[in-house]
Amino acid sequence: MPVTSDAPRLTDLLLGRVRLPEESFLDHLPDETWEVMVKDWDQRVRSYERDALLPLGEADRQVFIIVQGCVRQDRYPLGEAADAPTITRFRGIGQLVGEAKLIDPTATVTTRCLSKTYAIPWRARYMAALQNERPEVRLALLRSIEDRHRRDERIYATFARPTFQRVSALLAHLAETAGVPDPTLSRRTVINGPTQKDLAAALQLGVSTVENAIRTLRYHGVVEAGYRKFTVHDLDALHRSAGV
């Protein structure tokens, strides 16, 4: 995938010009370590168009750090038959994806870009060696994975909670981990890429159920839904709707 001129510069990350979601890999990584990692490497930011798959197949030998955008990861615990259940999760800015390749080079996970996505590819063997040389890199990854698991349980696995709260919690999570500020209004956050069908798959709900929850949020002026886009007008209100 060719380098693009509008790819976010890594120096913007280092100088705090790009918001890093709390508890992400890059949030846990010390700034000085990140600066060493990306020295003379900012030309390696790659862009992937919407609906493109990140190369995380069995034959691929790299992991990715998401710089901008939103990806959907699907796992098939019972096999990939047409009617087999899937486990769907969303990943955003600052996350390292494909981490299983650091343990098993043939590990796979279907990772689709829901919006135009910028990511930094790192050879898995290089990242593994870096963790041995710099324990803080391993610690940052372990912390981010543990935080991610806890957040996944809170967002995706709380089946006993009311549907409205679950949909609100997922939208708030996406706003914080993959959203970007609206350039026209500083208080608004735009989530590009996920559809209501994607949300339904992640929460294991019917699409009409998700639509009803979003309709209520829209009625109260909290969220606006568009084509593959959600605009969050009031993140605090969205958190209250989620019951947190």
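User: Which residue of β7 stands opposite Phe64?

Analyst: In this predicted model, Phe64 stands opposite Pro121 in β7.

User: What makes β2 and β7 a pair?

Analyst: Two strands count as paired if at least two bridges are found between them. β2 and β7 have six bridges, in the antiparallel sense, so they meet the definition of a pair.

User: What makes β1 and β5 edge strands?

Analyst: The open sheet has four strands in the order β1-β7-β2-β5, with antiparallel pairing. β1 (46-48) and β5 each pair on one side only, which makes them the edge strands.

User: How is α4 placed against these strands?

Analyst: Helix α4 lies across β2, β5 and β7, and runs at about 70 degrees to β7.

User: Why are the buried residues of α4 said to be on the same side?

Analyst: The buried residues of α4 (124-133) are Ala124, Met127, Leu130 and Gln131. They cover an arc of only 120 degrees around the axis, and therefore sit on the same side of α4. In general, an α-helix has 3.6 residues a turn, so residues three or four places apart point the same way. The face turned away from that buried side carries the exposed residues Arg125, Asn132 and Glu133.

User: What covers the buried residues of α4?

Analyst: The cover includes the helices α3 (31-38) and α5 (135-156), together with the strands β2 (62-68), β5 (96-97) and β7 (117-123).

User: Why is Arg151 called buried?

Analyst: Arg151 is found in helix α5. Its relative accessibility is 8%, and buried means under 20%, so Arg151 counts as buried. Leaving aside neighbours within four places in sequence, Arg151 is in contact with Glu22, Glu23, Gln95 and His173.

User: What makes β3 a partner of β6?

Analyst: β3 (residues 71-75) and β6 share four antiparallel bridges; at least two are needed, so the two strands pair. Cys113 in β6 is the bridge partner of Val71.

User: How many cavities of 30 Å³ or more are there, and what lines the largest?

Analyst: There are two cavities of 30 Å³ or more. The largest holds about 40 Å³ of space, and its lining residues include Leu56, Arg75, Gly98 and Lys101.

Terms used: Residues are numbered from 1 along each chain as its sequence is written. This is a predicted model: local features need pLDDT of at least 70, side-chain atom pairs count only at pLDDT 80 or more; totals for chains, interfaces and linings use all residues. Side-chain values use heavy atoms; hydrogens and water are left out. Buried means under 20% relative accessible area, exposed over 50%, partly exposed in between (1.4 Å probe, protein chains only). Helices (H or I, at least four residues) and strands (E, at least two) are DSSP runs, numbered from the N terminus. The arc is that of the directions from the helix axis to the C-beta atoms. Contact means heavy atoms within 4.5 Å. Axes are lines fitted to C-alpha atoms, for helices over the stretch in contact, and angles run from 0 to 180 degrees between N-to-C directions. On a 1 Å grid over the protein atoms alone, a cavity is a set of points where a 1.4 Å probe fits but cannot get out, and a pocket is an open set with protein on both sides within 12 Å along at least five of seven lines; lining residues have an atom within 4 Å of a point. Grid points are joined across faces, edges and corners, and a volume is the space filled by probe spheres set on the points.
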